[in-house]
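Subject: The structure, with some notes

Hi there,

Here is the structure I promised to pass on.

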Amino acid sequence: TIAVTFGDRSEGRPGISVGRNHTAKDYVWKTYVDVKGESNFVNISEPQVVSVVADSPVEILVTAPSIVEAGEPFSLNVKAKDRYGNIADTFAGDIEISCPDPDVVLPGYSFTAKDRGVRDLELTLHREGIQRIEVRSRDGEFRALSNPIVVKREVSGPRIYWGDIHGQTFFSDGIGHPDEYYRYGRDVEKLDFCAITDHDVYLANRTAFGFVSSNPALYGGGYFMVPRQPFWESSLSAWSILKYVTSRFNDPGHFVTLCAYEWTCGDCMTQKGMFFGHKNVYFLSDEGVFYDASKEESDTPQKLWNLLRDKEAFTIPHHTGLLLDSGTSGTDWDHHDDEMQPLVEIYSKWGSSEFYGSTKPLARRIERNRKGGFVQDALARGYRLGFTGGSDIHNARPGAQHQSMFYKRSGLT
């Protein structure tokens, strides 16, 4: 018998830090073992459930719409977080609100345990211009400023919307259910749009998963283990569940979700010597079609784009300036399609993909960066590209600052 103690502190070790998002009460810990050394990992036990308790609050954050109409009520989001980025659901006490607009009736509020660390307050601004809302605790311990709010006499034409369209769940190499992911983005970070981009290599080849409900039509049940066969050969594929959940959360005009996945050309292409990088694939409808980078029919960007061309889809490459090698590869700009690849992710938790030698090199290691692979290199070729920012979040907290191996502040679009 081999006994493994996760988070053992007996020799003065720090233990294990696991994340918790606002909608999840527990962290599900699974253990897989490659019994025969053949890269075939088998689940050796029932999932262990670890209750995660948020630490004491260390900050409050305030979020508001970027553009509002004078006299139009809007929602001001106030939340408390601990040092790990968890929602501090024990936060309690009175908060005070102030702003430069003298005509505003400012609501105070008293947080209780019922709020679980997050509260939306209704506010109306009247004076035109750019304003910020200040929120502080009455005891003076916490203080925060909102994002800039443009107040207009009349709002017509485009508004500014914010979203995070790059992140993973436990359907690939992240944690958290897709349901939790979208709930956090919508209810906690107050995003306007959102997407999950789980990796194709996991969606296609994992042999066992746990997810909420075995039947998409009855989504919301307990944990269910899929039979040991590739998801893509099963009617209960991870991709079908992901599409269903994405569609269920899509609420045009309030919270828009995009059906998506990450085409991951890295390790799977080592034997072929082809490294085209990672591209997130997005669909404009709920009927997305899954194409795996490890399959011959879709193992190059040109093949992928040809398959997607009539699917109302587009691709966005990211961490483009990394080396072209196995694993997390950069982008080879010799392969580009103006129609199918109109955007590039210029910033994420990986760092800046704008130009070689920036103050935030990709992966925090300049030796892992490659001249010729950055966004400015693509623009110098004459490519016309729009820019996005994304978190590449792996803990079901889209839109949030987070602890990562690279940079805490990631991007939004």
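Let me begin with a charged pair: Arg186 makes a salt bridge with Asp187, and their closest N and O atoms are 2.8 Å apart. (A salt bridge here is a side-chain nitrogen of Lys or Arg within 4 Å of a carboxyl oxygen of Asp or Glu.) Arg186 counts as partly exposed because its relative accessible area is 29%, and Asp187 is also partly exposed, at 30%. For these labels, buried means under 20% relative accessible area, exposed means over 50%, and partly exposed lies in between (1.4 Å probe, protein chains only).

Before going further, a word on the source. This is a predicted model, in which local features need pLDDT of at least 70 and side-chain atom pairs count only at pLDDT 80 or more, while totals for chains, interfaces and linings use all residues. Residues are numbered from 1 along each chain as its sequence is written, and side-chain values use heavy atoms, with hydrogens and water left out.

How confident is the model? The protein chain averages a pLDDT of 84, and 82% of the residues score at least 70; pLDDT is the predictor's confidence in each residue, from 0 to 100. Confidence is highest in helix α5 (residues 375–380), at 98, and lowest in strand β18 (residues 223–225), at a mean of 34. Please treat one stretch with care: pLDDT stays under 50 over residues 207–234.

The protein chain has 5 helices and 24 strands, taken as DSSP runs numbered from the N terminus (helices are H or I, at least four residues; strands are E, at least two). Of its 413 residues, 48% count as buried.

Helix α1 (residues 178–188) is mostly covered, with 8 of its 11 residues buried. Among the buried ones are Tyr181, Tyr182 and Tyr184. Their cover includes β7 (74–81), β10 (118–123), α3 (238–249) and β19 (256–265). Just after α1, Lys190 takes a positive phi of about 60 degrees.

Lys79 pairs with Glu189, with 3.9 Å between the closest N and O atoms. This links distant parts of the chain, since Lys79 lies in strand β7 and Glu189 in the loop between α1 and β16, 110 residues apart. Lys79 is buried because its relative accessibility is 2%, and Glu189 is buried too, at 10%.

Another salt bridge joins Arg381 and Asp334, whose closest N and O atoms are 3.0 Å apart. Here 47 residues separate the partners: Arg381 is in the loop between α5 and β24 (386–389), and Asp334 in the loop between β21 (313–317) and β22 (343–348). Arg381 counts as partly exposed at 42% relative accessibility, whereas Asp334 counts as exposed at 55%. There is also a network in which salt bridges with shared partners join Asp94, Glu96, Glu134, Arg136, Arg138 and Arg143.

One more residue to look at is Asp198, in the loop between β16 (193–195) and α2 (200–205). Asp198 counts as buried because its relative accessibility is 0%. Its side chain makes a polar contact of 2.8 Å with that of Thr169. (A polar contact is a pair of N or O atoms within 3.5 Å; within protein, one must be able to donate a hydrogen and the other to accept it, and residues adjacent in sequence count only if both atoms are side-chain atoms.)

Happy browsing!

Key
Contact means heavy atoms within 4.5 Å.
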